[in-house]
Amino acid sequence: SYYESNGKIYKLELDALGYIVTHGDMKPALLRKTTTNSYIFKSEDKTAIGYFDTEGNLVVEVYNDKLDIVDVEKFILIKK
């Protein structure tokens, strides 16, 4: 499947433990299933919680320790 966020296109592919997220020549990010119907999102620079909303979009929530808030990034499903 393909997703868009901040003008960039990302590809999500199934693997044996969840999903791999790729974009261009970036190091792949990983989505790993948890027991609470969400995913651990691990990229080169962040570890976050991710889940798929009712429209199939990927929502990633990252704790911002400088501001003590949760930043939400939505990856919009554009093609399966």
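Is Phe52 buried, partly exposed or exposed, and what is the relative accessible area of Phe52? Phe52 is partly exposed, at a relative accessible area of 28%, where buried means under 20%, exposed over 50% and partly exposed in between, for a 1.4 Å probe and protein chains only.

The model is a predicted one, in which local features need pLDDT of at least 70 and side-chain atom pairs count only at pLDDT 80 or more, while totals for chains, interfaces and linings use all residues. Residues are numbered from 1 along each chain as its sequence is written, and side-chain values use heavy atoms, with hydrogens and water left out.

The fold contains a barrel closed by 8 strands in the order β1-β2-β3-β4-β5-β6-β7-β8, with antiparallel pairing. Strands are DSSP runs (E, at least two residues) numbered from the N terminus, and two of them pair if DSSP finds at least two bridges between them. On average, neighbouring strands of this sheet are turned by 30° against each other, direction ignored; the axes are lines fitted to C-alpha atoms, and angles run from 0 to 180 degrees between N-to-C directions.

Strand β8 (residues 69-79) pairs with β1 (residues 2-5) in the antiparallel sense over 3 bridges. In this pairing, Tyr2 stands opposite Lys79 and Glu4 opposite Ile76. Lys79 also lies over the face of Tyr2, at 4.9 Å from the ring centre; a charge is counted as sitting over a ring if NZ of Lys or CZ of Arg is within 6 Å of the ring centre and within 35 degrees of the ring normal.

Across the whole structure, 5 aromatic pairs were found. Tyr39 and Phe52 form an edge-to-face pair, 5.6 Å centre to centre with 85° between the planes. Rings of Phe, Tyr and Trp (its six-membered ring) pair if their centres lie within 6.5 Å, with planes under 30 degrees apart counted as stacked, over 60 as edge-to-face and the rest as tilted. The two residues are 13 residues apart, Tyr39 in β5 (residues 39-42) and Phe52 in β6 (residues 47-52). Tyr39 is buried, with a relative accessible area of 10%. Ring pairs link Tyr39 and Phe52 with Tyr3 and Tyr19 into a cluster.

Methods. Helix = DSSP H or I, 4+ residues; strand = E, 2+ residues; numbered from the N terminus.
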